[in-house]
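Subject: Structure handover

Hello,

The structure I promised is below. My notes on what was found in it follow.

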Amino acid sequence: MAKYVYDFTEGNRNLKDLLGGKGANLAEMTNLGLPVPPGFTITSDACRHYLAEGVVPDGLEQEVAEHLDALESQMGRTLGQADDPLLVSVRSGAKFSMPGMMETVLNIGLNDESVHGLAKQAGGNDRFAWDSYRRLIQMFGKTVLGIDGDRFEEALEALKDRRQDTDLDANELQQLVETFKGIVREETGKDFPADPREQMRLAVMAVFDSWNAPRAILYRRQERIPADLGTAVNIVAMVFGNVGNDSGTGVAFTRDPGTGRQGLYGDYLQNAQGEDVVAGIRNTIPLEELERIDKHSYDELLTIMETLENHYKDLCDIEFTIERGKLWMLQTRVGKRTAAAAFCIATQLVDQGLITLDEAVTRVTGDQLAQLMFPRFDAAAEKKKIAKGMNASPGAAVGKAVFSSARAVELAERGEDVILVRRETNPDDLAGMIAARGILTSRGGKTSHAAVVARGMGKTCVCGAEELEVSTAERTFTAPGGVVVSEGDVISIDGTSGQVFLGEVPVVDSAVVEYFEGAAPDDDLVRAVDRIMRHADAARRLGVRANADTPDDAARARRFGAQGIGLCRTEHMFLGERRQLVEDLVLATDDAERQAALDALEPLQKADFTQIFEAMGGDPVTIRLIDPPLHEFLPDIVELSVKAATEEATEKDRKLLSAVKRLHEQNPMLGLRGVRLGLVIPGLFAMQVRAIAQAAKEVPGATPEIMIPLVAAVQELEAVRDEAAGILAEAGVEALIGTMIEVPRAALTAGQIAEAAEFFSFGTNDLTQMAWGFSRDDVEASFFSNYLDLGIFGVSPFESLDREGVGRLIEIAVREGRAARPGLHLGICGEHGGDPDSVHFCHEVGLDYVSCSPFRIPVARLEAGRAALAETDSDTR
């Protein structure tokens with residue numbers, strides 16, 4: 001019979017798939033002998049069954065009852081016992097951390113009788129007992145019964161009347177309990193459930209259901225967490241941080257999650273429960289002040305933090321509670337961190353002998369490296385500083401101030417940059433946090449909801465800017481000196497310094513970009529990036545080339561570490577003043593007109609290729625012969641028709657309209673383009689090949705590769721190859737001749753095509769378009785958002801390679817191409833060449849290189865190294 005419930009003594013940190021991250025780590029800390037309240041975990045298997053079948057699996061309720069009986073026996077109290085109650089928390093815990101996205105209910109077991117027993121346990125502390133009871137009803141009402149949380153908040157605020165929640169006395173809290181019970185009765189038609197076991201059962205169901213709550217779904221999509229994992233549920237004996245000033249709750253990091261610096265980082269809140277810290281409802285104090293308040297607990301916490309970091313060999317994020325001077329550990333996990341901290345911590349751990357350089361490379365990601373390449377504010381620019389908060393998540397963000405999640409989404413969808421401003425954020429703000437360029441809050445510390453989520457997303461965040469008075473109702477905030485910022489006003493926030501500026505502050509290249517450009521400042525971050533990149537380069541098997549069409553792009557690509565050009569698009573050389581020459585070529589009515597256009601284009605092409613060969617210094621340059629559809633080089637048919645119908649129209653206008661109508665296509669992306677254009681317009685490809693050959697002869701060491709686009713049949717390739725080979729031989733120039741695999745038929749007949757091609761380069765933009773039947777120019781705006789909402793795919797297939805469909809076509813082409821020509825050189829030059837997951841796929845299927853835009857080259861280099869090291873690690877297991 002399946003086992004659905006595990007005591008903390010039965011699990012360990014390797015069981016995250018089954019017990020979730022929270023349950024697995026609670027078990028691990030229990031096994032380490034750390035002070036963890038006793039409890040048990042309901043597995044994610046049970047959640048998956050519940051979500052699929054609508055009912056809990058057979059045997060679950062009996063298992064839960066047996067483990068609860070054992071917990072009651074261990075504690076010497078029963079759940080909700082009137083004179084001496086055991087209370088429990090019911091907390092979610094998925095395999096991957098999803099901070100605040102799913103439900104938690106504390107103080108399960110309280111009712112009108114047991115509240116008096118709780119007061120007795122606390123030495124007659126009635127205030128504490130009634131505060132715990134009102135918290136239960138508030139959390140249960142919102143998360144389990146689905147009541148709008150504002151109903152409870154409004155009642156609480158009305159009673160507080162600008163006081164802190166800790167200023168409310170026992171009588172006021174007892175009054176609040178009755179008010180909350182009335183809200184439950186009014187909203188649900190039923191009384192708040194008094195049966196402790198029924199409270200627990202309903203809370204467990206609510207946690208299961210919260211896996212598919214809108215904010216949880218949105219977060220999973222943002223973080224690319226699989227939707228079918230489900231969540232475990234942890235039942236933990238309650239310990240209380242809200243008993244009095246000798247109690248409290250806090251969150252600690254073993255290193256600074258913003259910078260990676262070693263030291264004591266975190267927040268503490270006296271006389272509070274854990275949710276108060278992350279919710280930011282009261283401003284916390286720095287963790288180091290705990291030494292003054294409770295030195296014994298402080299020293300014990302430091303010892304435990306050191307134990308956990310050495311055990312997990314990584315930055316640890318710790319939640320703890322102190323109950324009347326007794327320290328309890330409520331959670332630990334490998335902590336979320338900024339991109340800068342990730343690189344610094346990885347190399348620090350190497351220096352401490354905790355991990356190897358191989359492991360350090362696997363601890364960082366290409367996405368994090370990309371974040372480090374984002375611009376920063378220009379230090380020399382004039383700025384009007386209006387406030388300073390905590391530097392919760394670095395970066396430079398500029399945008400219009402908005403005061404609600406909905407408004408942030410609305411303006412972002414219009415293409416406007418926004419900064420989401422809140423007193424504090426909560427999980428319901430997630431959509432706005434994703435849409436915004438940055439997040440600014442007036443409350444909360446580095447462990448608040450805003451800070452934790454922003455760091456996880458790589459989003460710029462300044463939190464706890466206490467100088468600001470934020471009015472979400474009036475959609476304004478007031479800064480010192482009477483500065484009032486209204487919705488729509490532009491502000492700039494610096495997540496590295498915590499500063500807030502009025503207006504737009506100019507940005508400049510980041511220090512990491514300067515490093516790749518060869519002008520690196522000497523700081524900890526740059527040294528860490530350099531060390532990681534060198535090791536990744538030494539480990540990787542995949543080459544990394546650039547998609548570059550100009551000498552400047554080519555030069556930058558080399559500085560960023562490109563080992564050649566994998567895609568030089570010749571059509572980009574025919575823009576501006578040259579467009580007329582291509583138009584003349586396409587519209588030519590006889591051989592003489594056509595040859596005149598070709599003669600005019602050839603020296604221009606030669607000059608282009610000469611400069612690019614010189615910039616690349618002998619590295620291979622793959623030149624794609626002209627590819628785009630005709631409509632990109634022809635006058636707009638509508639505008640031309642209007643002009644030809646006027647009295648001012650010339651005979652040339654009318655002839656031009658006739659020619660454009662003759663060549664007009666309903667679907668030009670599937671029309672006369674690529675190899676088809678080269679075969680239909682005599683001399684076009686020959687002109688380009690001659691220009692390549694002449695340029696290569698002039699540049700010593702030039703290594704051209706000629707790529708023929710949009711081939712679907714080997715006969716097309718053979719016709720162009722034979723002509724090109726003759727021109728190269730006549731010029732005395734050697735060059736590989738190959739093709740793009742961007743038509744599904746080409747992938748499926750790769751064995752035939754490889755007999756005529758010396759290399760393949762997968763054009764995954766077009767291959768994705770044709771495999772899916774999507775028009776990449778239209779679908780992103782028209783219906784992709786619906787497809788993402790419906791879960792048809794988790795990420796756009798134009799952003800990250802579709803392994804199951806397009807990836808399978810690539811696998812077929814690789815296997816059959818190399819079977820026909822064992823030395824076949826294989827690469828990828830679509831936009832996927834710089835996507836981290838796609839780079840790993842390219843390594844796995846055996847490509848020789850990836851090619852991407854210059855700014856993505858460092859990302860591809862890092863991910864290629866990570867892919868090789870991941871393969872080595874799996875081989876040694």
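A strand, as the word is used here, is a DSSP run of E with at least two residues, numbered from the N terminus. The model is a predicted one.

Is F320 buried or exposed? With a relative accessible area of 1%, F320 is buried, because buried means under 20%. Leaving aside residues up to four places away in sequence, F320 touches T249, G250, V251, A252, Y268, L287, L290, L301, L327, W328, M329 and L330. T768 lies 448 residues from F320 along the chain, and 49 Å separates their C-alpha atoms.

Helix α3

Helix α3 covers residues 60-75, which makes 16 residues. From its first C-alpha to its last it reaches 22 Å, close to the 22 Å expected at 1.5 Å a residue. Its buried residues are L60, E63, V64, H67, L68, L71 and E72. An α-helix has 3.6 residues a turn, so residues three or four places apart point the same way. The cover over the buried residues of α3 includes β1 (5-7), β2 (39-42), α2 (44-53), β3 (88-94), α8 (196-210) and β5 (231-237). Just after α3 comes G76, with a positive phi of about 75°.

Nonpolar cores

The largest nonpolar core has 132 residues. Which of them touch the most other members? They are F343, V529 and F613. Not counting residues up to four places away in sequence, the contacts of F613 are G618, V621, I623, I692, A695, A696, V699, A702 and P704. Another core, of 58 residues, lies apart from the largest one; L110, A129, L159 and F192 are among its members.

E705

E705 belongs to strand β27, residues 703-708. E705 is buried, with a relative accessible area of 6%. Which side chains make polar contacts with the side chain of E705? One is that of R545, at 3.2 Å, and another is that of T622, at 2.7 Å. With residues up to four places away in sequence left out, E705 touches R545, P620, V621, T622, I623, L736 and F759.

Strand β21 and its partners

Strand β21 (residues 490-494) has four of its five residues buried, so it is largely enclosed by the rest of the structure. β21 runs antiparallel to strand β14 (residues 396-402), and five bridges join the two. In that pairing V490 of β21 is the bridge partner of K400. β21 also pairs in the antiparallel sense with strand β22 (residues 499-502), over three bridges. There I493 stands opposite V500 in β22. The hairpin of β21 and β22 has four residues between the strands, and in this hairpin G498 takes a positive phi near 85°.

A three-stranded sheet

Three strands form an open sheet with antiparallel pairing, in the order β18-β19-β20. At its edges are β18 (469-471) and β20 (483-486), each of which pairs on one side only. From one strand to the next the twist averages 15°. Three bridges hold the antiparallel pairing of β18 with strand β19, residues 476-479. Opposite E469 stands T478 in β19.

Regards

Methods. Residues numbered from 1 in each chain as written. Predicted model: local features only at pLDDT ≥ 70, side-chain atom pairs only at ≥ 80, totals over all residues. Heavy atoms only, no water. Pairing = 2+ DSSP bridges. Axes fitted to C-alpha atoms, helices over the stretch in contact; angles between N-to-C directions. Expected span 1.5 Å × (residues − 1). Buried < 20%, exposed > 50% of the residue type's maximum accessible area, 1.4 Å probe, protein only. Contact = heavy atoms within 4.5 Å. Core = buried A, V, L, I, M, F, W, Y, C linked by side-chain atoms within 4.5 Å. Polar contact = N/O pair within 3.5 Å; in protein donor to acceptor, adjacent residues only side chain to side chain.
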